[in-house]
Amino acid sequence: RYHCCRGSFKLSYYNEYKSYLRMAVKWGLVFAVVMLITGSINTLAAKFADLQKSYGYDGCKLFDRPFYHPFFQACLMFLGEASCLLVYKITSCATRNTEPAKFPPYVFVIPALCDLCATSCLYLGLAMTYASVGQMMRG
């Protein structure tokens, strides 16, 4: 009798584990689809910005100049990422009574600069090629 109860305990634990696993797989697929859609929107919006033209007057003739500013686009993306960090800090301080754990902020300088350089190179390449090629090269 003791062995039977022990086996049923293992079986219920296994069934609970299977339900958690199914839920994790379902949410993992949802997150993957959302990341695919938002990543595609990001690439298409950047390429759309690259295709815009600015009309102006240069000396004696009218001209149109394309918007090739990959570093500016990367800085705007970097600013958006930094604003997410700011929102995280505000919400973490608002939900807890204590101050969040202290850490030296300079540890993020090198990864942030690498991210800025990589994003600048990505947008530079995107300005020179098609959006589909840029998506395939991203991985």
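## Largest pocket

Helix α2 (residues 70-95) contributes the most to the lining of the largest pocket, with six residues. Helices here are DSSP runs of H or I, at least four residues long, numbered from the N terminus. The model is predicted: local features need pLDDT of at least 70, side-chain atom pairs count only at pLDDT 80 or more, and totals for chains, interfaces and linings use all residues. Residues are numbered from 1 along each chain as its sequence is written, and side-chain values use heavy atoms, without hydrogens and water.

The pocket holds about 210 Å³ of space. Its lining is F78, E81, A82, L85, Y88, K89, F103, P105, F108 and A112. Eight of these are nonpolar, none polar and two charged. A pocket is an open set of points on a 1 Å grid where a 1.4 Å probe fits, with protein on both sides within 12 Å along at least five of seven lines; lining residues have an atom within 4 Å of a point.

## Helix α3

α3 has 20 residues. From first C-alpha to last, α3 reaches 29 Å, close to the 28 Å expected at 1.5 Å a residue (1.5 Å times one less than the residue count).

Its buried residues (under 20% relative accessible area, 1.4 Å probe, protein chains only) are L116, T119, S120, Y123, L126 and A127. Down the axis of α3, they fall within an arc of 125°, so they line one face. The arc uses directions from the helix axis to the C-beta atoms. The face turned away carries I110, C121 and M128, which are exposed (over 50%).

## S120

S120 sits in α3 (residues 109-128). Its relative accessible area is 15%, so S120 is buried. Beyond neighbours within four places in sequence, S120 contacts P70, F71 and A74 (heavy atoms within 4.5 Å).

Conventions: Helix = DSSP H or I, 4+ residues; strand = E, 2+ residues; numbered from the N terminus. Points joined across faces, edges and corners; volume = space filled by probe spheres on them. Nonpolar A, V, L, I, M, F, W, Y, C, P; charged D, E, K, R; others polar.
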